[in-house]
Amino acid sequence: MRLIGQIHVSLKGSIIQRNPTVWERLKRGFGATVDLDTDRLRVELEATAVVDQVRRALGQLGIGNALSLVIDDTVIFQDTDGKPDDLPDLVLALSEHSAVFGRGFQELKFAAEHEEAGLHLVIETRARTEHADDEPTGIISVGGRVRDLEPRAGESADDYRRRVEPLAKDPALFEAARLQFESFVGRLEGALKASMPEANVTQQHADARVVHAPSGDGAAAPQPSSPTHPAYDPFLVYYPPSPLGMMLDVMLISSFMHMMMPPHVLFVSPMGVPLGTAQEAAADPGLLNDSERGGDADDAGGADDGGDDGDPWGDDGGGLDDGGGFDGDLGDFGD
């Protein structure tokens, strides 16, 4: 089961103006007014200020375990050793690069992780200094897992099934996890509002999902790198999926479909297209057999298929080696 939430942060910026054409230059020469405004904004952001504001928000929730910090194509910090409470190390690493990134950047990605009430959470902040005027300046994505449902080191598929199968039949476990996750995202939203009083901070969603892959190829679906994609899950950016994850999805779907009162969980396709809640699927199993509702990459907003899908958050390739995979490719974000 995937716990996925997202918070948008919007800041005031200045409208970016395009270069005038030759004809427009001539018109201006004769005193005419020419509108050169575009639909894009430029926001003056300092990397150190962004990290400090998010760090203070995380600190209010007791989060001090950093994963990575990537600014443009430079890895500033990466926790390769799994060191706990290393957020001060990230801040120190950033201070050593302040001369370069103290003023201005194109994209910043800052990830941390946290554990509470049996949940394992990844919190990723992504901010851009240029974006369309109808898009947020920053996106905070939260991905989580129930710790007891995660595969253990050296655990075989048979051992995993025997251990997890009884848990899959306990609706209270999943309902409690969902409510705890919703509480965490809500508290994070409040903390961000307190640390960013000049910003408009809004929670977009916080829900529990189970992926239904009728063809059995859900694991082969490419993980989208854009946080605006409906299937984006920051947990999978920093913790690559395990083959046992598909086994868990199958067990959960089978279990929820036979419960009198299934938990409030959303079934989605591998591309993140909603198929219905567990309650709706239990009442109408045909929801999970409707291949048209499963959609494809285009229906879901353009998965990472190697092409240009026009997503302004671009294709950064994913992966742990660079703290989330940013490789300097800004897609069509900016000029």
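Me: Which residues does Glu150 touch, not counting residues up to four places away in sequence?
Reply: The model is predicted: local features need pLDDT of at least 70, side-chain atom pairs count only at pLDDT 80 or more, and totals for chains, interfaces and linings use all residues. Residues are numbered from 1 along each chain as its sequence is written, and side-chain values use heavy atoms, leaving out hydrogens and water. Contact means heavy atoms within 4.5 Å. On that basis Glu150 touches His120, Arg145, Tyr160, Arg163 and Phe235.

Me: Is Glu150 buried or exposed?
Reply: Glu150 lies in the loop between β9 (138-146) and α5. Buried means under 20% relative accessible area, exposed over 50%, and partly exposed in between, with a 1.4 Å probe and protein chains only. Glu150 has 14% relative accessibility, so the residue counts as buried.

Me: How many helices and strands does the secondary structure of the chain come to?
Reply: Both are DSSP runs, numbered from the N terminus: helices are H or I with at least four residues, strands E with at least two. The chain comes to ten helices and twelve strands.

Me: At what angle do α5 and α8 pack?
Reply: Axes are lines fitted to C-alpha atoms, for helices over the stretch in contact, and angles run from 0 to 180 degrees between N-to-C directions. Here α5 covers residues 157-168 and α8 covers residues 244-257. Their axes are 10 Å apart, at an angle of about 30°.

Me: Is α5 roughly parallel or oblique to α8?
Reply: Angles under 35 degrees count as roughly parallel, over 145 as roughly antiparallel, 65 to 115 as roughly perpendicular and the rest as oblique. The two helices pack at about 30°. That makes α5, relative to α8, roughly parallel.

Me: Which residues of α8 does α5 meet?
Reply: From α5 come Ala157, Tyr160, Arg161, Val164, Glu165 and Ala168. In α8 they meet Leu244, Met247, Leu248, Met251, Leu252, Ser255 and Phe256.

Me: What covers the buried residues of α8?
Reply: The buried residues of α8 include Leu244, Asp249, Ile253 and Phe256. Their cover includes α5, α6 (171-195), β10 (200-211), β11 (266-268) and α9 (278-283).

Me: How far apart are the end C-alpha atoms of α8?
Reply: The expected span of a helix is 1.5 Å times one less than its number of residues. The 14 residues of α8 should therefore span 20 Å. The end C-alpha atoms agree with this, at 20 Å.

Me: How far apart are the axes of α2 and α6?
Reply: Helix α2 covers residues 47-60. It packs on α6 at an angle of about 135°. That makes α2 oblique to α6. The distance between the axes is 8 Å.

Me: Which residues of α6 does α2 meet?
Reply: On the α2 side are Gln53, Arg56, Ala57, Leu58 and Gln60. Their partners in α6 are Leu188, Ala191, Leu192, Ala194 and Ser195.

Me: What is the relative accessible area of Leu90?
Reply: Leu90 is in helix α3 (residues 87-95). Beyond its neighbours within four places in sequence, Leu90 is in contact with Val51, Ala66, Ser68, Leu69, Phe77 and Phe110. Leu90 is buried, with a relative accessible area of 0%.

Me: What is the phi of Asp85 near?
Reply: Most residues other than glycine have a negative phi. Asp85, in the loop between β5 (74-78) and α3, is exposed at 60% relative accessibility. Its phi is positive, near 50°.
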